[in-house]
Amino acid sequence: METVAKDETSSPGNSQAPRSENVRLVNGDSRCAGRLEIRHQRRWGTVNGYNWDLKDAAVVCRELGCGTALSSPRCSHFGEGSGSAVTSNVRCRGTESALQQCDSDSWAHRTWWSHSNDAGVICSGNVRPRLVSENNPCAGRLEINSNGKWGTVCKDRSWSLENAEAVYKLLDCGSVAEMPLTSHFGPGSGPAIGPPDCGHKQDVEVICSGTSSE
């Protein structure tokens with residue numbers, strides 16, 4: 001069964017962030033991660049992932065009060081939606097306060113569009129992510145806090161240097177030194193944010209050049 005997660009506990013710095021009633025993230029076990037759905041004419045529908053990128057995801061995270069955009073998965077990473085798809089070819093600058101302010105194809109409920117490329121979003125949430133390893137806070141398995149529990153992020157085909165850069169900037173960890181293609185830090189435990197069948201086989205890992213000040 002697909003889920004629309006309840007609100008997480010916000011940190012004091014984000015507790016007054018606006019919470020949009022026009023966008024939501026579904027099936028990611030967190031209000032800050034999942035398949036993107038937008039409300040148009042009092043009905044919910046998906047967004048096609050054509051040209052979907054991290055700038056677009058950043059606007060969604062801002063609109064939801066969910067921190068920094070970490071990933072903008074396409075190809076129905078969180079499962080295919082049902083019903084209509086509302087728009088495609090979203091082209092945000094990354095500075096807009098709401099997705100409706102971004103350029104895109106016209107908004108309409110298109111029941112004939114395939115859901116095989118539904119767009120998704122993974123935000124940092126209101127608790128700073130962490131990199132988990134034995135002795136280096138700037139290298140390790142990426143984990144984000146979802147509903148009070150730490151969980152890993154399942155790597156998808158859109159994960160790139162741009163995503164890793166978002167992580168190291170958020171953690172004040174210098175620059176990206178390496179994005180391991182195979183596991184260096186072992187599988188995580190707890191929830192994995194991504195497709196139900198991902199498990200911990202594709203946990204995102206990042207190795208940064210710096211040392212965190214914390």
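Visitor: What should I know about the numbering and the model before we start?
Guide: Residues are numbered from 1 along each chain as its sequence is written, and side-chain values use heavy atoms, with hydrogens and water left out. The model is predicted, so local features need pLDDT of at least 70 and side-chain atom pairs count only at pLDDT 80 or more, while totals for chains, interfaces and linings use all residues.

Visitor: OK, helix 1 then: is it mostly covered or mostly open?
Guide: Helix 1, residues 54-64, is mostly covered, with nine of its eleven residues buried. Buried means under 20% relative accessible area, exposed over 50% and partly exposed in between, using a 1.4 Å probe and protein chains only. Helices (H or I, at least four residues) and strands (E, at least two) are DSSP runs, numbered from the N terminus.

Visitor: Which residues of helix 1 are buried, and what do they pack against?
Guide: The buried ones are L54, D56, A57, A58, V59, V60, C61, E63 and L64. They pack against strand 1 (23-30), strand 2 (33-40), strand 4 (69-71), strand 6 (120-123) and helix 2 (161-171), where contact means heavy atoms within 4.5 Å.

Visitor: And what happens at the start of helix 1, and just after it?
Guide: At the start, a side-chain oxygen of D53 comes to within 3.1 Å of the backbone nitrogen of K55. That is a polar contact, meaning a pair of N or O atoms within 3.5 Å; within protein, one must be able to donate a hydrogen and the other to accept it, and residues adjacent in sequence count only if both atoms are side-chain atoms. Just after helix 1, G65 has a positive phi of about 65 degrees.

Visitor: Switching to cysteines, how many disulfides are there?
Guide: The count is five disulfides, a disulfide being a pair of cysteine sulfur atoms within 2.5 Å. With the bonded cysteines of the chain numbered in sequence order, the pairing reads 1-3, 2-6, 4-5, 7-9, 8-10.

Visitor: What does C66 bond to, and where do the two partners lie?
Guide: C66 forms a disulfide with C32, the sulfur atoms being 2.1 Å apart. The link of C32 and C66 is left-handed, with -75 degrees about the S-S bond. C32 counts as buried at 2% relative accessibility, and C66 is buried at 0%.

Visitor: Why is the C154 and C198 disulfide called right-handed?
Guide: The torsion about the S-S bond of C154 and C198 is about 90 degrees, so this disulfide is right-handed. C154 lies in the loop between strand 9 (149-153) and helix 2, and C198 in the loop between strand 11 (192-193) and strand 12 (205-208), so the pair ties together parts that are 44 residues apart in sequence.

Visitor: Last topic, the rings: what sits over W44?
Guide: The charged end of R24 sits over the ring of W44, 4.1 Å from its centre; the rule asks for NZ of Lys or CZ of Arg within 6 Å of the ring centre and within 35 degrees of the ring normal.
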